Amino acid sequence: MSKPESLEEKLKVKLEHRKQNNSFRRLKNSDDLIDFCSNDYLGFSQTLNVKHTTISGATGSRLISGHSSQFEELEIKIAKFHSSETALLCNSGYDANIGLFSCIADKGDTIIFDQYIHASIRDGIGLSKARSFSFEHNNLPSLEKKLQQASGCVIVAVESIYSMDGDCVPLEAIITLCEKHNAHIILDEAHATGVLGDNGEGLAQHLQVQDKLFARVHTFGKAMGCHGAVILGSDSLKNYLINYSRSFIYSTALGAHSLNSIEAAYRQLNVGDEIIQVQQNISLFKSLLSSKLISRLIESENPIQCFLIPGINEAKRVEAGLRAKGLNCRAILHPTVEEGKERIRICIHSFNSGQEIKLCVDCLEELIK
Ligand SMILES: Cc1ncc(COP(=O)(O)O)c(C=O)c1O
């Protein structure tokens with residue numbers, strides 16, 4: 001890279017570098033395409049029956065003027081739904097993770113995280129004074145090696161369903177290992193919320209291991225179709241976050257409309273059949289795949305289905321071909337994933353019709369060499 005002359009110049013040089021690497025990100029409008037891309041797995045962003053509120057601004061942070069009985073009642077309901085001692089609502093999953101991981105461990109403590117962990121957790125760890133190590137994705141011997149090097153309070157961060165692969169964490173085996181090494185687990189349930197468990201309670205409750213985890217983070221921007229997140233854990237954890245989590249303390253709280261939407265999403269999980277529909281659509285999608293496509297597929301029983309297409313140009317070609325057929329699917333490129341592990345990510349929803357799913361598979365068959 002040539003020497004930048006000014007800040008504006010420096011930005012342009014860095015952007016040019018991205019363009020030359022073929023990894024320049026741009027915003028795409030996909031309004032008229034068939035949705036095989038969004039995290040709206042259950043269609044809640046379009047269908048929730050949300051109570052109308054005229055005054056929706058929170059007016060301040062939770063510790064100043066933003067708190068209300070609506071927050072208190074909703075946190076009690078959510079804690080009960082998730083079989084947790086307490087719940088603390090946060091403005092987003094990013095906010096929840098950055099606030100939690102930046103304050104939960106001190107100098108001398110250790111945070112160990114899966115190499116594919118979400119950027120929000122990495123960023124939170126980056127702000128923490130604790131030592132940190134990654135372990136190989138879903139690899140127990142690699143985790144054990146890192147546990148042996150750990151000191152102080154030890155925290156292990158994993159996700160229920162990994163967003164770039166769609167595969168699940170081997171949670172029970174990780175619990176056994178962490179018990180042996182006296183480590184505490186924080187589970188990010190972002191992509192499992194509304195998807196795993198009879199009523200979408202998430203992976204921990206699906207396996208009935210919620211009491212063995214130190215904390216869980218559920219986000220509402222994916223299957224819940226709205227916005228916000230919740231941190232589940234003990235009463236001490238909740239009080240600790242209210243006192244030490246900077247993204248919680250120094251940001252305006254969610255407004256009443258957001259709380260109404262979250263409430264409506266939980267209500268719908270209890271009464272709707274979208275979870276069964278999305279599972280049926282995943283089974284249909286997988287049953288239509290040829291052996292060629294299966295050989296590219298990253299094994300997943302979840303709405304996220306990825307086909308490895310190494311090379312940025314090749315993955316982009318398949319994405320463009322799918323768009324030309326009216327299908328909104330995304331190529332996931334380096335640097336979001338490792339070089340050579342580029343992929344097309346298909347997100348299956350409860351509302352995708354059989355015809356749309358068949359069209360998607362036919363196009364993948366035609367486009368993937
Ligand atoms: C695993 C995981 N955690 C956290 C987040 C952040 O959640 P939010 O979109 O609510 O900020 C995401 C969203 O991409 C995610 O995939």
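Reader: Starting with Tyr266: buried or exposed?
Author: This is a predicted model, where local features need pLDDT of at least 70, side-chain atom pairs count only at pLDDT 80 or more, and totals for chains, interfaces and linings use all residues. Residues are numbered from 1 along each chain as its sequence is written, and side-chain values use heavy atoms, leaving out hydrogens and water. Buried means under 20% relative accessible area, exposed over 50% and partly exposed in between, with a 1.4 Å probe and protein chains only. Tyr266 comes in at 7%, so call Tyr266 buried.

Reader: How many aromatic pairs are there?
Author: Rings of Phe, Tyr and Trp (its six-membered ring) pair if their centres lie within 6.5 Å; planes under 30 degrees apart are stacked, over 60 edge-to-face and the rest tilted. By that rule, the number of aromatic pairs is four.

Reader: What kind of pair do Phe81 and Tyr266 make, and which helices hold them?
Author: Their centres are 5.0 Å apart with planes at 75°, so the pair is edge-to-face. It links parts of the chain 185 residues apart. Helices here are DSSP runs (H or I, at least four residues; strands are E, at least two), numbered from the N terminus, and the two in question are α4 (residues 69-81) for Phe81 and α12 (residues 256-271) for Tyr266.

Reader: Which residue lies over the face of Phe71?
Author: A charge sits over a ring if NZ of Lys or CZ of Arg is within 6 Å of the ring centre and within 35 degrees of the ring normal. Lys19 does this over Phe24, at 4.7 Å. Over Phe71, at 3.9 Å from the ring centre, the residue is Arg62.

Reader: How many residues are in the largest nonpolar core?
Author: A nonpolar core is a set of buried Ala, Val, Leu, Ile, Met, Phe, Trp, Tyr and Cys residues joined through side-chain atoms within 4.5 Å. Ile78 and Ile346 are among the residues with the most contacts inside the largest one. Its residue count is 84.
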